[in-house]
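Please look at the sequence and structure first, then read the points below.

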Amino acid sequence: GGYYITSNVANDRIACSETKDATAIYYFDGSHLLAYTTGLYFGLNANDWTFEAVGSDDISAIEFVAAANGAEEKYNIKSGGRWLHLSANSDGSTFVNRCSANTCGNAHNWAIETVEALPVTITAAKYATFYAPVAVEVPEGVTAYTATVDAANNRVELNEIGGVIPANTGVVLYSDIEEATTYNFAITEDVEAVEGNALRGSAAATYYTTAGTYYALGLVEGEVGFYKDAFNNSRFQNNSHKAYLYVEGTQNAASYSFRFEGGTTGINEVKTENGEVKAIFDLTGRRVETINEAGIY
């Protein structure tokens, strides 16, 4: 029927949509389907089709079976002894349902489309983190970095990587934009892993329980950096397909600022020009007629 299984839940049911967007992307690890946008596993629990967090033992594995009615390039989806099929609410909206026998004909038949690119949004803060179980190409307008920790100076050195982000690699993304922009990262062949990267990540939304070692990318008082997470019930949550900074030990800094590979530009020499003053400006670029208070002009 042209409907996609989404990671959206409406009226306690998993909604389907005619629109193909990020909510319809799933990663199949050989046993389970992981929703790209939420990082939750899709499957059948004791009652119905649902989404569960990583580590849950209340969800059964997914099995793809060639369509029982012989429809070409179609599959029946089975989990926990039940079959997934398309149903409609009274208002005409669609959702996934389950039945114990494969008797729903075409409503059981699903097509599998290969995902060619993963959408990633970078906000006006210009930075984001990313992690994926597959290798992706860095799109034009975006730069990707791995990180090493300079604990003595409470800094993270960002090291630019090539045009491909290896699978299972945490990175910081940068784009010089003024408003939130979504980029498509094309899936590609994997490349060699990056050694010494202090960024870790997870495709699934995951909790970690070792305090004092996890830092999340944040914007605090206009400064982008990695900030020690305020633990909630002694655990750190990493969101779906995001990266975090991992630092050994428990007595670590409250935050780590960025330092790009190659260092910063310093002032080596101040050159002066003889002659009368032509104009005076303050540091905001405003022209002033006279200097009435201390400062730099």
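The lining of the largest pocket is made up of 28 nonpolar, seven polar and four charged residues; here Ala, Val, Leu, Ile, Met, Phe, Trp, Tyr, Cys and Pro count as nonpolar, Asp, Glu, Lys and Arg as charged, and the others, Gly among them, as polar. This is a predicted model, in which local features need pLDDT of at least 70 and side-chain atom pairs count only at pLDDT 80 or more, while totals for chains, interfaces and linings use all residues. Residues are numbered from 1 along each chain as its sequence is written, and side-chain values use heavy atoms, with hydrogens and water left out.

**Largest pocket**

- A pocket is an open set of points on a 1 Å grid over the protein atoms alone, where a 1.4 Å probe fits, with protein on both sides within 12 Å along at least five of seven lines; lining residues have an atom within 4 Å of a point.
- The largest pocket holds about 1100 Å³ of space, a volume being the space filled by probe spheres set on the points, which are joined across faces, edges and corners.
- Its lining has 39 residues, and Ala24, Tyr26, Ala111, Ile112 and Glu113 lie nearest the centre.
- At least two lining residues come from each of strand 1 (4-10), strand 3 (26-28), strand 4 (33-35), strand 8 (75-79) and strand 11 (117-122); strands are DSSP runs (E, at least two residues), numbered from the N terminus.

**Second largest pocket**

- The volume of the second largest pocket is about 330 Å³.
- Of the 17 residues that line the second largest pocket, Thr129, Ala216, Leu217, Asn239 and Lys242 lie nearest its centre.
- Strand 21 gives the largest share of this lining, four residues.
- The lining of the second largest pocket divides into nine nonpolar residues, seven polar and one charged.

**Leu158**

- Leu158 belongs to strand 15 (residues 155-160).
- Leu158 and Ala147 lie eleven residues apart in sequence and 4.7 Å apart in space, C-alpha to C-alpha.
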